[in-house]
Amino acid sequence: MPTSLTLRSVKGSALTHGEVDDNFEALREAIDTPPQDFITTDTTAVAGVEYVFKASAKLTMPSPPVPGAWVDWIDRSGTTTCSIDGNGANVMGLAEVMTLTLPNSSGRMKYLDATDGWVVC
């Protein structure tokens with residue numbers, strides 16, 4: 001595994017300090033920003049994706065769940081009927097579908113274990 005990193009511009013010359021800062025910021029944003037999917041119908045989630053509810057819908061968590069997996073959600077539906085289904089796993093320690101009753105809410109569901117299942121972090 002390499003222990004150093006040399007950044008080069010498209011032309012092959014070494015980058016200036018400002019160019020390194022700009023490239024680093026763009027890289028950091030790309031790493032920190034998960035893929036985003038706008039949903040209006042029931043959807044099965046993929047781990048590592050952010051889902052934006054644009055209408056009342058059910059977001060079903062990935063199966064089989066893997067400890068540490070996460071799914072982000074943002075409720076922009078304007079309703080109080082969007083829901084999160086554990087897809088056979090618990091949600092917040094319960095074998096129930098979680099209804100998002102607070103409009104304009106957001107969160108991250110993270111899978112912990114078979115007892116807790118998917119939890120809001």
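The following legends describe close-up views of a predicted model.

Local features were taken only at pLDDT of at least 70 and side-chain atom pairs only at pLDDT 80 or more, whereas totals for chains, interfaces and linings use all residues. Residues are numbered from 1 along each chain as its sequence is written, and side-chain values use heavy atoms, with hydrogens and water left out.

**View 1. An open four-stranded sheet.** The strands follow the order E2-E4-E6-E7, with mixed pairing. Strands are DSSP runs (E, at least two residues) numbered from the N terminus, and two of them pair if DSSP finds at least two bridges between them. The edges are formed by strand E2 (43-44) and strand E7 (98-100), each of which pairs on one side only. Strand E6 (residues 82-85) runs antiparallel to E7, to which three bridges join it. Ile-84 stands opposite Met-98 in E7.

**View 2. The largest nonpolar core.** A nonpolar core is a set of buried Ala, Val, Leu, Ile, Met, Phe, Trp, Tyr and Cys residues joined through side-chain atoms within 4.5 Å; buried means under 20% relative accessible area, exposed over 50%, and partly exposed in between (1.4 Å probe, protein chains only). This core has 20 residues, of which Phe-53, Leu-59, Met-61, Ile-84 and Met-109 touch the most other members. At least two residues each come from E3, strand E5 (70-75), E6, E7 and strand E8 (106-111). Beyond four places in sequence, the contacts of Met-61 (heavy atoms within 4.5 Å) include Val-71, Ile-84, Met-109 and Trp-118.

View 3. Rings of Phe, Tyr and Trp (its six-membered ring) pair if their centres lie within 6.5 Å, with planes under 30 degrees apart stacked, over 60 edge-to-face and the rest tilted. One aromatic pair is counted: the rings of Tyr-111 and Trp-118 are edge-to-face because their planes stand at 65 degrees, with centres 5.5 Å apart. Both Tyr-111 and Trp-118 are buried. The charged end of Arg-108 sits over the ring of Trp-70, 3.8 Å from its centre; the criterion is NZ of Lys or CZ of Arg within 6 Å of the ring centre and within 35 degrees of the ring normal.

**View 4. The loop residue Lys-54.** Lys-54 is found between strand E3 (50-53) and strand E4 (58-60), and its relative accessibility of 44% makes it partly exposed. Apart from neighbours within four places in sequence, Lys-54 is in contact with Phe-38, Ile-39, Thr-40, Arg-76 and Ser-77. Its C-alpha atom is separated by 9.0 Å from that of Ile-74, 20 residues apart along the chain.
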